[in-house]
Amino acid sequence: MMDDAPRLWTRRRMLGATGGLLTASAWVPPVLAAAPASTQPVKLPDIFAKTERERPGPPNPQPETERVGWAVVGLGHLSLEEILPAFGQSKRSRLVALVSGDRAKAQAIAKQYGVADKSLYDYKSFDQLKDNPEVQAVYIVLPNSMHAEFTVRAAQAGKHVFCEKPMANTSAECQQMIDACKKADRKLGIAYRLQYEPHHRAVIQMARNKELGTLKLFTANNGQNQGEPNQWRHKKALAGGGALPDVGIYCLSAARYFSGEEPTEVQGFSHSTPGDPCFKEVEESFAFHLRFPSGFQAHCTIHYSTHETKDLRLMGTDGWASMDPGFSYSGLRLRVGMKSRSFPKADDTVERSFSQPSQFAREMDHFSRCVQENVVPHTPSEEGLADLRIIEALYRSAQERKAVRLGAAKKLDAFRGPPPKEEG
Ligand code: NAD
């Protein structure tokens, strides 16, 4: 087993560092003496009436030295615009290394975020991460076709792996990643940010508490206009597919986690405008229908050439929950509709708004806690594999122009780990 305990100066470690010159009973390490106070949440007196919404209180960040050290691999849009800034909001995670094919870019970013020059790697020197004990977790933010290779190499370097969605281009690659992490006794989590997001968590809770009655239908539209034809998202070898694995995975995943069920029959319809240079290799749009064992169904459309559209609606016998936008990084709006309790002749439509901390900070902190406390991630590799199996079935269905049947799951939330308990 690798040493991935938080970097606390334990008495044993300190004695080792001082060559055992101090006797155990005489010596009190100053950092250890301060540690318990720094990990206790600071409480402030309540100033609001009970009728006001509850506040989470001040955040309780871990001291830098106790946090899990992360290396981020791939310095493109998602890393620079969302993930690196999110370390500023995280409470258990700290950025300690960068991996990029572009040395000058990596050096500029390292300066911005205080990463040491010795902790910059490229895709060849990546395996030397094994000699960097500061790095405990590696976040793979590369084109989809590279997820499998770098997950396997990270596990072989003794690191826990957090990998962007889609987990890989094929379910066979997902299985290789799972096997490699199992063999190296490392955790593998998939970055399904919305499963850590407060509005999505509230809808999951409403669904499990049957507040919407029996769930009947989920609908969603997720589209964006991709434009630039030469990007990797339009190359089948790099992306695995088009709109379906990139943005369709959010609709597919939401239908699964809101209901907790796994689909047993799926049908897909693929479309690309003939002659459009963006869609020579991958599909422009995809529509799919999923049938679940309870009778619940999902119907979703996904686009690479519509103006940004990200809405969803979950419908039950007694009410509905609707979000627009529903899949964005921020600004989510949740409305809930059901018969009014106080006016039986009326429907109530309420907006439920939660604070919107960085989804990336939340998912990274959850994974850091899993590393620190040896917990299975809420969105483990099996969750990523489940999506890839369904995506493969959907492509088969679209190609053969018929519904495809899938095996049933034995229980609700069949592939998910324990729910996240991140604060805020
Ligand atoms: P991007 O194109 O902006 O960045 C990709 C990075 O990989 C770039 O730095 C690029 O230089 C590097 N790279 C290395 N080898 C490459 C190659 N052969 N071809 C192209 N680029 C190469 O992409 P992105 O939007 O940052 O997406 C990266 C990953 O993150 C993808 O898996 C994507 O699905 C995922 N993603 C997830 C979310 C989310 O909300 N969770 C959002 C966007 C992207």
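Two strands pair if DSSP finds at least two bridges between them. Helices (H or I, at least four residues) and strands (E, at least two) are themselves DSSP runs, numbered from the N terminus.

## About this model

This is a predicted model, in which local features need pLDDT of at least 70 and side-chain atom pairs count only at pLDDT 80 or more, while totals for chains, interfaces and linings use all residues. Residues are numbered from 1 along each chain as its sequence is written, and side-chain values use heavy atoms, leaving out hydrogens and water.

## Strand S5 and its neighbours

Let's start with strand S5, residues 160–163. Strand S6 covers residues 188–190, and S5 and S6 pair in the parallel sense over 3 bridges. To get from S5 to S6, the chain passes through helix H6 (residues 171–183), and this β-α-β crossover is right-handed. Right-handed has a set meaning here: with the strands pointing away from the viewer, the path from the first strand over the helix to the second runs clockwise.

S5 also pairs with strand S4 (residues 137–140), in the parallel sense over 4 bridges. Here Ile140 stands opposite Cys163. Together with helix H5 (residues 147–156), S4 and S5 make a right-handed β-α-β unit. In a regular strand the side chains alternate between the two faces of the sheet. In S5, His160 and Phe162 point one way, Val161 and Cys163 point the other way, and all are buried. Buried means under 20% relative accessible area, exposed means over 50%, and partly exposed is in between (1.4 Å probe, protein chains only).

## Around the ligand

How many residues surround the ligand? There are 22, and the closest are His77, Asn144, Arg193, Trp232 and Tyr250. A residue counts as near if one of its heavy atoms lies within 4 Å of the molecule.

A polar side-chain atom of Arg193 lies 2.6 Å from a ligand oxygen. Backbone atoms take part too: a polar one of Leu142 is 3.1 Å from an oxygen atom of the ligand, and a polar one of Gly76 is 3.2 Å from an oxygen atom of the ligand. Taken alone, the ligand exposes 840 Å², and the protein buries 79% of that. Such areas come from the Shrake-Rupley method with a 1.4 Å probe; for residues, only the protein chains shown count as cover.

Strand S8 (residues 265–271) runs antiparallel to strand S9 (residues 285–291), and 7 bridges join them. In this pair, Val266 stands opposite Leu290. S8 is also joined to S15 by 2 bridges, again antiparallel, with Glu265 opposite Arg405. Strands S12 (residues 319–323) and S13 (residues 334–339) pair in the antiparallel sense over 5 bridges, and Trp320 has Gly337 as its bridge partner in S13.

## Aromatic pairs

A search of the whole structure finds 15 aromatic pairs. Rings of Phe, Tyr and Trp (its six-membered ring) pair if their centres lie within 6.5 Å; planes under 30 degrees apart count as stacked, over 60 as edge-to-face and the rest as tilted. One of these pairs is Trp70 with Phe367, which is edge-to-face at 5.8 Å centre to centre and 65° between the planes. Trp70 lies in strand S1 (residues 68–73) and Phe367 in helix H10 (residues 359–373), so the pair ties together parts that are 297 residues apart in sequence.

Trp70 is buried at 0% relative accessibility, and Phe367 is buried with a relative accessible area of 0%. Both belong to one aromatic cluster formed by Trp70, Phe87, Tyr139, Phe162 and Phe367.

Most residues other than glycine have a negative phi, and most peptide bonds are trans. Where does Pro166 lie? Pro166 is in the loop between S5 and H6, and a cis peptide bond with omega of about -20° joins Lys165 to Pro166. Asp185, which is not a glycine, has a positive phi of about 55°. Asp185 lies in the loop between H6 and S6 and is partly exposed, with a relative accessible area of 42%.

Terms used: A polar contact is a pair of N or O atoms within 3.5 Å; within protein, one must be able to donate a hydrogen and the other to accept it, and residues adjacent in sequence count only if both atoms are side-chain atoms.
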